[in-house]
Amino acid sequence: MNPRVRSTTILVLAAVVATWFVARPAHGARPPVRSAPVWSAPVWSAPVSDGPWDLAADARGAVVVTSRPGVRALDPAGHERWSVHLDGLVEAPPALGHDVVLVGGERAVTALARADGAPRWRAPMGGDVHALAMSGAVALAGDRAGTLAAFDAATGAVRWSVTFPGALWSAPRVDTATGAVVATWHQTDTPAVRALDLRTGALRWEAPTATSTAAPALGPGVVLLAIGDGHRHARVEARDLVTGARRWQTPVPSSFEEAIEPAVGAGVVAVVDHFGVVSLLDVATGRIRWRHDLAHALIATRMVLTPRRVVFSSFSGEVFVLDRADGHLLALLGRHRLGGYAVALRRAPWGRPARLLVALRLGAWRVDLRRIP
């Protein structure tokens with residue numbers, strides 16, 4: 001099953017699944033519940049009647065991929081800038097560049113004009129495209145057939161293309177200082193992480209992962225990986241970005257999913273496994289600063305890390321806020337309070353204090369901008 005798909009049936013069953021996970025044996029200490037700030041009303045809400053799938057944001061606003069299928073652009077105040085219908089979309093986060101928006105599709109990748117959504121170019125791929133990234137004048141697209149391709153962002157001309165066994169689900173990560181592209185290949189007997197040259201696509205290094213591995217994350221000079229075999233053997237490890245040599249490895253309780261995205265910031269990495277165990281580790285040493293069990297199932301989530309908070313959503317549509325200092329549960333926003341299921345999160349790169357974009361489906365069909373408690 002596509003780990004990004006959240007069909008109506010899956011979401012209706014989510015509460016049942018979450019209840020089962022609450023009853024299971026805990027993997028670690030539950031986060032202490034303390035008197036916590038209350039979620040305030042949204043700063044703004046933007047109706048998305050055709051149902052948001054995922055979104056991306058930068059200083060110029062947010063772009064939402066919908067199940068119509070279509071693509072909508074919102075400004076930082078939540079006003080719609082443009083909306084276009086686009087056949088063949090798949091459920092994948094878009095990638096934002098200065099002049100184009102990159103969206104994934106059925107055996108194709110499409111670039112739209114950032115200004116008005118007009119089609120710029122479309123390139124065929126060997127499988128459905130879920131892994132997208134932009135880096136300056138380069139557009140990157142990875143598909144379920146195991147191909148990662150680099151295109152000229154303005155014209156769509158192919159710069160290079162590589163294929164390895166497996167499928168790409170999460171966006172490749174780009175380190176502009178070293179000119180490296182890091183991506184993970186899943187759903188194969190030989191799952192692996194690979195670092196490629198951004199300019200040529202040449203393989204710089206590769207290392208084995210395992211069947212239940214999260215998206216890669218980049219820290220200062222390192223690639224951070226959350227790896228599991230699906231049978232309670234799991235670890236977080238750091239590899240040197242230039243050489244691929246392993247710097248440290250730390251055992252964690254359970255495995256991950258392809259569409260779980262860890263977060264890195266200010267010397268720490270936050271990871272959450274598919275049973276809802278959250279760990280905060282030191283990037284330099286791998287030392288666990290804290291670990292807490294929220295006992296909620298996860299299939300796909302994007303972790304958000306701020307100077308004071310760790311935020312993520314569960315399979316059953318709740319949004320959790322933990323204190324970054326010690327991991328205690330500060331706030332929980334459930335689907336009843338939201339009016340729908342949280343299907344995608346992004347930290348909003350505008351406004352203070354820290355703010356969160358939340359895409360909702362089933363009940364409420366909208367995107368909210370909220371202050372993080």
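**Close-up views of a predicted model**

**View 1. Surroundings of arginine 366.** Apart from its neighbours within four places in sequence, arginine 366 is in contact (heavy atoms within 4.5 Å) with Ser45, Ala46, Pro47, Val48, Pro52, Leu338, Val358, Ala359 and Leu360. The model is predicted, with local features needing pLDDT of at least 70 and side-chain atom pairs counting only at pLDDT 80 or more, while totals for chains, interfaces and linings use all residues. Residues are numbered from 1 along each chain as its sequence is written, and side-chain values use heavy atoms, with hydrogens and water left out. Arginine 366 belongs to strand β35 (residues 366-371); helices (H or I, at least four residues) and strands (E, at least two) are DSSP runs, numbered from the N terminus. Its relative accessibility is 18%, so arginine 366 counts as buried (buried means under 20% relative accessible area, exposed over 50%, partly exposed in between, with a 1.4 Å probe and protein chains only). The side chain of arginine 366 makes a polar contact of 2.5 Å with the side chain of aspartate 368. A polar contact is a pair of N or O atoms within 3.5 Å; within protein, one must be able to donate a hydrogen and the other to accept it, and residues adjacent in sequence count only if both atoms are side-chain atoms. A polar atom of the arginine 366 side chain also lies 2.9 Å from the backbone oxygen of leucine 338.

View 2. Six of the six residues of β26 (residues 277-282) are buried. Val277, Ser279 and Leu281 point one way from the strand, and Val278, Leu280 and Asp282 point the other way. β26 pairs with strand β25 (residues 268-272) in the antiparallel sense over five bridges; two strands pair if DSSP finds at least two bridges between them. In this pairing, valine 268 stands opposite aspartate 282. Four residues separate β25 and β26 in their hairpin, where glycine 276 takes a positive phi near 90°. Five bridges also join β26 to strand β27 (residues 288-293), and these two run antiparallel, with serine 279 opposite arginine 291. The hairpin of β26 and β27 has five residues between the strands, and glycine 286 in the turn has a positive phi of about 80°.

**View 3. The open sheet β6-β7-β8-β9.** Four strands form this open sheet in the order β6-β7-β8-β9, with antiparallel pairing. β6 (95-96) and β9 (119-124) stand at the edges with a single partner strand each, so one side of each has no neighbour in the sheet. Strand β8 (residues 108-113) is joined to β9 by five antiparallel bridges, and proline 119 in β9 is the bridge partner of leucine 112.

**View 4. Aromatic pairs.** The structure holds three aromatic pairs. Rings of Phe, Tyr and Trp (its six-membered ring) pair if their centres lie within 6.5 Å; planes under 30 degrees apart count as stacked, over 60 as edge-to-face and the rest as tilted. Tryptophan 121 and phenylalanine 151 form a tilted pair, 5.4 Å centre to centre with 35° between the planes. This pair links tryptophan 121 in β9 with phenylalanine 151 in strand β12 (residues 147-152), 30 residues apart. Tryptophan 121 is buried at a relative accessible area of 8%, and phenylalanine 151 is buried at 3% relative accessibility. Phenylalanine 312 and phenylalanine 320 form a stacked pair, 5.4 Å centre to centre with 15° between the planes.
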